[in-house]
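Please look over the structure before reading the points below.

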Amino acid sequence: VKKFIIPLVTAAMVVSIMFAGCVPGAAPTTPVTPPPVTPPPVTPPPVTPPPVTPPEEEWSWVVVDEWKIPSFNGVTGSGAYWGEVGTWVCDYTRDLINAAGGIAGKPLVLDPHDDGWDASKAAAEISKVVPWALTSLGPWTDVCDTGAMPIAVQASMFVFINQSGATIAEQYQPWCFHALDKDENIYPQAVKAWLKKNPDITKVALFYVPEHAMWVEISNIVAETCEEMGVEVGARVEIPEGTVDFGPPAVTALGSGADGFWFACDPIYNAKTVVELQDRGLTESRRVLIFPHGEDPSFWEVGQDRFEGMYIVRFLNSESTLPRYVAYVDAMTEAHGEGPYDIFASMVDQIYLLKAAIEDSKITGDPAKLAEERILIRDYCRNVTDFPFITGTASVVNGFEHNPVYLFQVENNKFVLVSRVDDEGNDIPLD
Amino acid sequence: LPVQTYLFLEHSALYVLLGWGIYLVFRMGEMYFAPIFTMGLGAYFTALALRDWGWSYAPALLVAVALGGVIAFLIALALARASGFAITIASMAPIVILQSIVRSFAFLGAARGLQGIPGVGHLMPITLAATSLVGFFIYRLDYSRIGRAIEVISVDPDVAATQGANKYRISIFLQTASGAIGALAGAIYAPLMRSIVPVDFGFDLLLNIMCFLFVGGHTTMWGAVVFTPLLWGLRLVLPPEVVSWTMIIYGGLLVIIILLRPEGVITKQTLQSIRVSSQALLKRIRGLRQLDT
């Protein structure tokens, strides 16, 4: 028996690694082949570095040698791909800031934590940092925040929860910053615009992952908007995590008589379900609208050339030609190939917002003033007017960043900006 | 207590309780996963009682435990006659059913879950007392007449039947107790985390508990007691670069243990040898004292 133990254990370890999900440095589960892409017809303007920090003597009130800030990214678990890219974006921003003189003359040091996309793990991880951290970058998923935020709130620590979901963010105000406007300020506008551009849609089917509260809530708002617009909701189709056969959800939707389709699912689920819909008779992808987190390299890998005309909601202009954004996209492309950039861009923004909070509020980093300085950071970040975010200026009101709403459409295997929309779903002329 | 230590102790106690819930029925050779489901039940009941109905913690806790026990009892009436595999599958189903029900009702918070659950003072002593009480119950049960009957049933149900052990009744009793223990864990979890979502009570949790139990040892109650804090504590002491590998470490450990020591690290023989050597040590100390006098 002993002869077999070592090979068996080795084999079992390999299998366990496969089952344990992605690990740092691992590739996304679907091999990524960048789809054929027409580069944007934009000559990138010369990259101007971010504002350079004034000389060190100006920051005489700082008592720390470095700004150690915890950064949460789920690099294992169901969303490991997102965590991996999120980690890269945090590191990228840290390097940019440090190259320009750091924060208040001191380098930014990120303290990485893996929340594993799990509430208990997130709680355990945030419990490590609440005794000393000024603030925390993440966790930034709804499930993790339900575990971590009560602990942060109890410790009066402000947290940048990025895009965990407006309803989650509302629960934990005034202790968090949400890099996305409230759902009711984004999705009704986008859905109205989509329906106005496709007036022949009479019945909509909604696809969503039931495990993600944020996605369910968004889908509910979409349903209300459809009804308000006189468009019937044909079916609400749940696609649970771990689904492997996307035929039944497609059949359910088509069986309801729907001729328009809303998706709030993992990118690969969106792609596979759309392909199933197409295999069963859907001929025009313009009848499909997906939510901002609904696209990644695996989405294009599955879809190949089949998504021409499909719409997506975005809250940042991913065609922005602002130098900082262009530089960010170039770096991102080099590191990760083609991918959704706008979602992660808000992570860059929140670190720059933190930098501004530390510098403008004269945060010292003195552990004796921890409680007081946490409040200063909170008060600064919750209400900011015309902050220079990476794709343009925007304001933060009571912890929520107010973003414009954009509608993009697939053209030559790439989402291309169609319009910026107002509250009634009408086009706003682009700058 | 520092928040990290506090959470570590609380989570360890909760996972020990859940491990015991599964261990209790597994003593009869049946894999029974309902404690995860009743944990959800207990957590949601306690959350609503504290947050929306204005109950104080003591009645909320007691009713949650009773509710978990009653629901497990009702399920056990049907399940107790089933074979081992059927019990495994049937006890998994309520986990999915509970999650679907919660997601369908707004008053349960739907997919968003329930937030803003009031905290409870002295939760740590309550948790320790509850865990000790359950531990004492299981310890006494292990060495009682029923405990010995359970052992015989797990080896040979037919022989047990000829000795007068009623497998059906014992199975109902164990499943009910297991359900109540799960609900107790849930009633502690809700005020501890102050927010709950349906996915908290799913298969990820089950896999963690199974790992703690099967690595620690599933033939005695002490395997879960010793190895749950050790394994859960890993992610608190490992450097950040290694924390991401925790699940892989769990998986690898589980495979190695199952291959090399199928009953887990702490077995009955381990306890017996500890007992024998401690008795020998005590004898030697007593002998030395007598020599001194």
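A residue is called buried at under 20% relative accessible area, exposed at over 50% and partly exposed in between, using a 1.4 Å probe and protein chains only. This is a predicted model, in which local features need pLDDT of at least 70, side-chain atom pairs count only at pLDDT 80 or more, and totals for chains, interfaces and linings use all residues. Residues are numbered from 1 along each chain as its sequence is written, chains are lettered from A in the order in which they are written, and side-chain values use heavy atoms, without hydrogens or water.

**Helix α10 of chain B**
- Helices are DSSP runs of H or I with at least four residues, and strands are runs of E with at least two, numbered from the N terminus.
- Helix α10(B) covers residues 222-237.
- Its buried residues include B:Phe227, B:Thr228, B:Leu231, B:Trp232 and B:Arg235.
- Among the elements covering the buried residues of α10(B) are α3 (119-129) of chain A and α12 (246-260) of chain B.

**Interface of chains A and B**
- Chain B gives 32 residues to the contact and chain A gives 40, where contact means heavy atoms within 4.5 Å.
- One salt bridge is counted between the chains, defined as a side-chain nitrogen of Lys or Arg within 4 Å of a carboxyl oxygen of Asp or Glu.
- A:Glu125 forms a salt bridge with B:Arg235, with the closest N and O atoms 3.2 Å apart.

**Chain A**
- Chain A has 13 helices and 16 strands.
- Of the 431 residues in chain A, 61% are buried.

Note on methods:
Expected span 1.5 Å × (residues − 1).
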